[in-house]
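Visitor: I would like to learn how to read a few features of a structural model. Could you take me through them one at a time?

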Amino acid sequence: MELTGQNLYRKARRIIPGGTQLLSKRPEMFLPERWPSYYSKAQGVEVWDLDGRKYIDMSYMGIGACVLGYADPEVDGAVRAAVDSGSMSTLNCPEEVELAELLCELHPWAEKVRYARCGGEARAVAVRVARAATGRDRVAFCGYHGWHDWYLAANLASDSALDGHLLPGLQPAGVPRGLLGTALPFRYNHLEELEAIVSAGGSDLAAIVMEPIRNIEPQPGFLPGVREIASRLGAVLIMDEVSAGWRLRTGGAHLQYDVVPEVAVFAKAMSNGYPMAAIIGVAGVMEAFQSTFVSSTYWTERVGPAAALATLHKHRRLEVARRLMDTGKQIQDGWRAAAAHAGLAITVGGMPPLSHFSFDYGDAQAIRTLFTEILLDKGFLASNAFYAAYAHQPEHVASYLQAVEEAFREIARAVERHEVMQRLKAPVAQTGFHRLA
Ligand SMILES: Cc1ncc(COP(=O)(O)O)c(C=O)c1O
């Protein structure tokens, strides 16, 4: 039977270029023509599609936004109170001062805070303030940091400069060619690549931008090495905590790895599904906000700070990060065990709260698509990644891992008989950025 969500998505593709507002929510990235695509309700880790079918979300939990779970009662209560008392006025909301104090308490090196509402936007703000503070233009970076010009400028030099930084194929059309040479990529754990940028005339860097951790653990000496280079050059070290933050502890992952930046940027999980982002930093850099114009009306609304305060208080009180770590480890172990039982070759990676695996076969993407298809039929939203939420209960983990066991056995048989493509009821899922036909 035709899914209502797929019908709606076909309409969306005609009226919304690219179909969705976030590449990672494109149905083609999961299961083309079969992904439920839209939700009518989400609560805890359960999601209902437009036809009323219920799924357990064992995939991205709102692409990393809902660290507590969907529709968390405490956060939603704080949001309702903010709405009831007026989410906007000509005066400012006091919550933004309270939140600034909390963020500085959680990150004792930070002295000042500014806000935005989205991760990429907050990243662009951080790069702007670093450029304003140093009077320099060029930025060295590692990893994915959003859609803004400062970042996509890296692909002006070669359209594959950003490949290997999480999302391949990001096109820089519309980014001014004048920005060529201003964004210089290096790979995580490759200090020699950052050194090479510096030796090739990059000693005038405004900033070094990176995530403290994403897919792999830092090698000994890597983070201290980056810190040393930034200090030597007088460049602002900016830690991107948009995805890593609030997973390993109540605060940024950089605290866990003992690296002290000048600026850190938070979004996503800090407000459990409501738009909110923060840029925190040392006074010497943050004072440059007085000399560059950075200002926006909806950065002053009340829902975001109210949601963030409720999220972070609950996060700290219930030691949410500890649970995320435990659940993530169980999932990683479960994937490994299920693969071993089925005789499938997989590689598991990521910090446990943001886990992922890959099938070690030439047609890995087709196999991954088949995995999503089988799991969807068993009532799970699943891909090759698992983002842990506090709302994931042992019974969700157990039923999911049982389904993974069965799926891996089925996949192993299909691989052995070269029947993966025949088994697929949908086209193979896309990876990275593509133009939609
Ligand atoms: C490390 C990192 N930085 C920035 C962003 C962009 O954040 P947003 O999608 O909220 O603009 C993301 C999103 O996935 C991210 O993972």
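Predicted model: local features only at pLDDT ≥ 70, side-chain atom pairs only at ≥ 80, totals over all residues.

Visitor: In what order do the four strands of the open sheet lie?

Guide: Strands are DSSP runs of E with at least two residues, and helices are runs of H or I with at least four, both numbered from the N terminus; two strands pair if DSSP finds at least two bridges between them. Here the order is β1-β2-β3-β13, with mixed pairing. Because β1 (39-43) and β13 (380-381) each have a single partner strand, they stand at the edges, and one side of each is left without a neighbour in the sheet. Strands β2 (residues 46-49) and β3 (residues 54-57) run antiparallel and are joined by three bridges, and V47 has Y55 in β3 as its bridge partner.

Visitor: How many disulfides does a search of the whole structure find?

Guide: A disulfide is a covalent bond between the sulfur atoms of two cysteines, and the criterion applied is a pair of cysteine sulfur atoms within 2.5 Å. The search finds zero. For C118, the closest cysteine sulfur is that of C66, at 14 Å, which is too far for a bond.

Visitor: Which residues surround the ligand?

Guide: A residue is near a molecule if one of its heavy atoms lies within 4 Å of it. The ligand is surrounded by C118, G119, G120, Y144, H145, E211, R214, D240, V242, S243 and K268. Polar contacts are pairs of N or O atoms within 3.5 Å: a backbone N or O atom of G120 lies 2.7 Å from a ligand oxygen, a side-chain N or O atom of S243 is 2.7 Å from a ligand oxygen, and a polar side-chain atom of K268 is 2.9 Å from a ligand oxygen.

Visitor: What is the phi of E33?

Guide: Most residues other than glycine have a negative phi. E33, which is not a glycine, has a positive phi of about 70°, and E33 lies in the loop between α1 (4-15) and β1. With a relative accessible area of 55%, E33 is exposed (exposed means over 50%, buried under 20%, partly exposed in between, with a 1.4 Å probe and protein chains only).

Technical notes
Residues numbered from 1 in each chain as written. Heavy atoms only, no water. Polar contact = N/O pair within 3.5 Å; in protein donor to acceptor, adjacent residues only side chain to side chain.
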